[in-house]
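Me: I would like to go through this structure term by term. Please set each label against its definition.

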There are 2 protein chains.
Amino acid sequence: MSINMTDLREKFRERQYKLTPQRQTILQIFVDHPDKHLSAEDVYDILRQHASDIGLATVYRTLELLSDLDILQKMEFGDGCNRYELNQNNTLHHHHHLICIACGLVKEFEDDLLETLETVIARKSNFTITDHQVKFYGYCQECQKKREG
Amino acid sequence: MSINMTDLREKFRERQYKLTPQRQTILQIFVDHPDKHLSAEDVYDILRQHASDIGLATVYRTLELLSDLDILQKMEFGDGCNRYELNQNNTLHHHHHLICIACGLVKEFEDDLLETLETVIARKSNFTITDHQVKFYGYCQECQKKREG
DNA sequence: ATTCCTGCAAAACATTTGCAACTAC
DNA sequence: GTAGTTGCAAATGTTTTGCAGGAAT
């Protein structure tokens, strides 16, 4: 759960981006909050708690940039904002999200079954598929109990 | 590609909603535009073309309502707005979306392979899964050619 | 009648952008 | 030094909400 600084600097240099303290700080937040799906506002709140004076616009710009560099993965859970999480070890993520439609809980689920599906779909559809995103909606254990009771 | 009016009235009555002309008109737009993923603004534009004076707020409220009744399916393609399509015959949709990351094209893909995956995941995760949404990102045939050239 | 619905305008959010000052390289 | 970056404030775009008048059952 850490970031290789050499690779990081290389990635930035390739695209002529500067590795500023602000960008490092924001990236560090994702390292410090593994398995969270942080929105721009979430990141901004954490920054303020740490008495940082990084502006909200910079947060947005940085999230977009880190996403472009495949350092972060951008995702939406239907709550009206974009959320991000670390793209571990530069490998494409092999986890999906289970979203509780009652309480909004988001749970991770590891799975590789979709690799096969991706191949099948690529062949049938003439698309060159580079990534996929899967969301399952339903009721978490907790909310399921409440509904039965 | 049509709507069973008896079922529709029943669905509305169950929840004590009124089947107003505005709601019928908006629903008809989805019947008239199969396989489109319309946003609230799209629907509003179509209404204006038909010289309708239904307000934008009503469009938003109706889309939310039809979505709640499982008559429409709500989805996001990362373009900053919610999009909707008819939930055909009340059955859960068995099609996924292929999204071109170059030109934004959204293509439908029919598939039932995920049914199996849903069962596996439900068992392993203690979630009661009611629906799933799958998006594949990549390059469509057209954009792929441009990239190679 | 009563409850729900509509249109309008204003408000609320999330996100983007213009710009002058600043900083990593 | 220069190109890229930042913070601020203003602008944008989508969606929600308050409210008075209106319509469906």
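**Terms and what they rest on**

Me: Which residue stands opposite A:Ser39 in β3(A)?

Reply: A:Ser39 stands opposite A:Arg83. Strands here are DSSP runs of E, at least two residues long, and helices are runs of H or I, at least four, both numbered from the N terminus. This is a predicted model, in which local features need pLDDT of at least 70 and side-chain atom pairs count only at pLDDT 80 or more, while totals for chains, interfaces and linings use all residues. Residues are numbered from 1 along each chain as its sequence is written, chains are lettered from A and ligands numbered from 1 in the order written, and side-chain values use heavy atoms, without hydrogens and water.

Me: What makes β1(A) and β3(A) a pair?

Reply: Two strands pair if DSSP finds at least two bridges between them. β1(A) and β3(A), residues 82-86, have 2 bridges in the antiparallel sense, so they meet the definition.

Me: Why are β1 and β2 of chain A said to stand at the edges?

Reply: The open sheet of 3 strands has the order β1-β3-β2 in chain A, with antiparallel pairing. β1 (38-39) and β2 (72-76) of chain A each have a single partner strand, so one side of each lacks a neighbour in the sheet.

Me: What makes chains A and B related as by a two-fold rotation axis?

Reply: A rotation of 180° with 0.0 Å of shift along its axis superposes chain A on chain B, with RMSD 0.1 Å. The two copies are thus related as by a two-fold rotation axis. The superposition is by least squares on the C-alpha atoms of residues with pLDDT of at least 70 in both copies. In chain A, the C-alpha of A:Val134 is the nearest to the axis, at 2.2 Å.

Me: What is the area buried between chain A and chain B?

Reply: Buried area is the accessible area (1.4 Å probe) that two parts lose on being put together, summed over both. Here it is about 3,200 Å², and carbon and sulfur atoms give 65% of it. A:Phe127, A:Phe136 and A:Tyr137 supply 21% of the area that chain A buries against chain B, more than any other three residues.

Me: What is the count of salt bridges between chain A and chain B?

Reply: The count is 0, where a salt bridge needs a side-chain nitrogen of Lys or Arg within 4 Å of a carboxyl oxygen of Asp or Glu.
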